[in-house]
Amino acid sequence: MSKALFDKYGGFKSISRIVMDFYDKVLDSDRIGDFFDGIDMPKLIDHQTKFISALLGGPVSYSDERLRRAHASLDLTHEDFDEIRLLLSETLSEHGFSPQDIDKVMIEIEARRTSILATGMS
Amino acid sequence: MSITAINQQLLRAIGVGIAVVRGDDLQFLFSNGPFAEWFGKPEAGASLQEVLPDIDVDDVRSAMEQTGRFNGEISVKLKRRTLVIALSISSTDAEASDLLVVECQNITRIRELESMIDSYSSMVERNTRELEREKERVERLLLNLMPRTVYEEFKTFGVVTPQLYESVSVVMLDFVNFTKFAANHDPTVTLGELNDIFTAFDRIAEQFGCERIKTIGDAYLAVAGMPEPSPDHMRAVANCAVRFIRYLERRNQSHQYKWEARIGLGTGSAVGSVVGIQKYVYDVFGSAVNLAARLQAFANPMCVVAPDSMKEFLVEEFHLDDLGKQEVRSFGEMRLMRVNPGIELSRMTGRF
């Protein structure tokens, strides 16, 4: 179902803008921005490009195991996760995603909550 | 032009960081807003080295001497973001006082976008590779189901036109007591045996210009002269047939399970086509196929039986035994012969 979202909203051409805006929002967020402080920019961009592409059913699959490893050392809370969720939802909305489609993406990201919040396991 | 005048002009250049340093001691004379934002406002008398510690002053000097311009990149951390600033230092053309202009452009976005494109293209490339592999797998699978020329036609036009081949030959092999063997052994054993033997047959068939069309249980069907016409199709099937037998004889010497086969050869016309739309099967029909199937039943274990009509094409290479006239169902009375390896092949193997 969400397979189509990546293509529906214009493929990489549009998704790249979403990733960029999302990246800005995340860095600017006082709640979670610090988690990304000090992370190598290309690495972070790479991660977010793939993560968002995966959420929208783009040409990548991001395994839960990989998400777990990427976030294991961060000690994230549910509130942090909610903030990310909110920022993503805002970004998508600004880029003309319909509320229904945003909901679909939110379901996708919600499905990854436990993987992203899992700590200490690597 | 006074510094104040320059100052006013530069300040209007929004987004580009500008500073002016003295050529001799590299002390700052002026800097604008964006410059101060990225590197801090240079204090009076501060030198280039103090404000931009990542810049190698010697490099700057030598580049200035050689080309009159220094280009470099500096990373600055601003809040959480690492900015990438492209730096360009050039001398003004003021002949009296040697002044250097430091131009700074924020190229962070460009770098970020480059990273994203890298990331995306690596994804796409990996996907392309996977698709390519998948395509090869599918192609290999389809090539097992139909001859390559048929596959090419299928790929280009999406359909395969049934084609009549006037003159082809068929080799049909059937194992003796296969049903009994299958009943007495674990299916995996039976399958393993068939797989092993048929794989060897496929190699023999390929080597002698035959193409395996299908296996039905323990029956093995190969053709020659289609889809590529060949004047040698009768000899091709006869060569395959005697080598199938020879292979089995050799195999029986070393393997636990002994296999015996009957082989019939047929020649005549046949139609080849893909049957089915969802489940493709390339199959052949026609008198050549029927004949081979009938004659195989006439063969004693480990023997090859062919119609007498193939005689003139086989007589030189094979040893033929007349079997007399026989009543072949739906073909009527027909003279048959047994096909044995010729002298040359017998000598080569030291057998028969």
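Start with chain B coloured by confidence: its pLDDT averages 86, and 92% of the residues score at least 70. Keep in mind as you click around that this is a predicted model. For the complex, the predictor reports an ipTM of 0.82 and a pTM of 0.61.

Still on chain B, select helix α1(B), residues 3–12, and then α9(B). Among the elements of this chain, α1(B) has the lowest mean pLDDT, at 63, while α9(B) has the highest, at 94.

Now switch to a cartoon view of chain B. You'll be looking at 12 helices and 13 strands. Of the 352 residues in the chain, 31% are buried. Among contacts with a separation of 6 or more, 54% are between residues 24 or more positions apart.

Next stop, the largest nonpolar core. Select Val170(B), Val171(B), Val237(B), Ala241(B), Ile263(B), Leu265(B) and Val304(B): of the 58 residues in this core, these touch the most other members. Then highlight helix α9(B), residues 233–254, which supplies the largest share of the core, 10 residues.

Zoom in on Val171(B). Which residues does Val171(B) touch, leaving aside those up to four places away in sequence? Show Cys210(B), Ala222(B), Val237(B), Cys240(B), Ala241(B), Ile263(B), Leu265(B) and Ala292(B), and you have the set. There's also a second, separate core of 26 residues; pick out Leu5(A), Val19(A), Ile45(A) and Leu56(A), which are included in it.

Ile45(A) is a handy way into the next helix, as it is one of the buried residues of α4(A). Select residues 41–55 of chain A to see all 15 residues of α4(A). From first C-alpha to last, the helix reaches 21 Å, close to the 21 Å expected at 1.5 Å a residue. Just after the helix, stop at Gly57(A), where phi is positive, about 75 degrees.

Finally, bring both chains into view for the interface. Here 12 residues of chain B are in contact with 18 residues of chain A. On the chain B side, select β4(B), 81–91, and α5(B), 108–145, the elements that give two or more residues to it. Which of the elements gives the most to this side of chain B? Colour α5(B), which gives 9 residues.

Note on methods: Residues are numbered from 1 along each chain as its sequence is written. Chains are lettered from A and ligands numbered from 1 in the order in which they are written. This is a predicted model: local features need pLDDT of at least 70, side-chain atom pairs count only at pLDDT 80 or more; totals for chains, interfaces and linings use all residues. Helices (H or I, at least four residues) and strands (E, at least two) are DSSP runs, numbered from the N terminus. The expected span of a helix is 1.5 Å times one less than its number of residues. A residue is buried if 20 or more other C-beta atoms lie within 10 Å of its own, exposed if 12 or fewer, and partly exposed in between; C-beta atoms are placed from the backbone. A nonpolar core is a set of buried Ala, Val, Leu, Ile, Met, Phe, Trp, Tyr and Cys residues joined through C-beta atoms within 7 Å. Two residues are in contact if their C-beta atoms, placed from the backbone, lie within 7 Å. pLDDT is the predictor's confidence in each residue, from 0 to 100.
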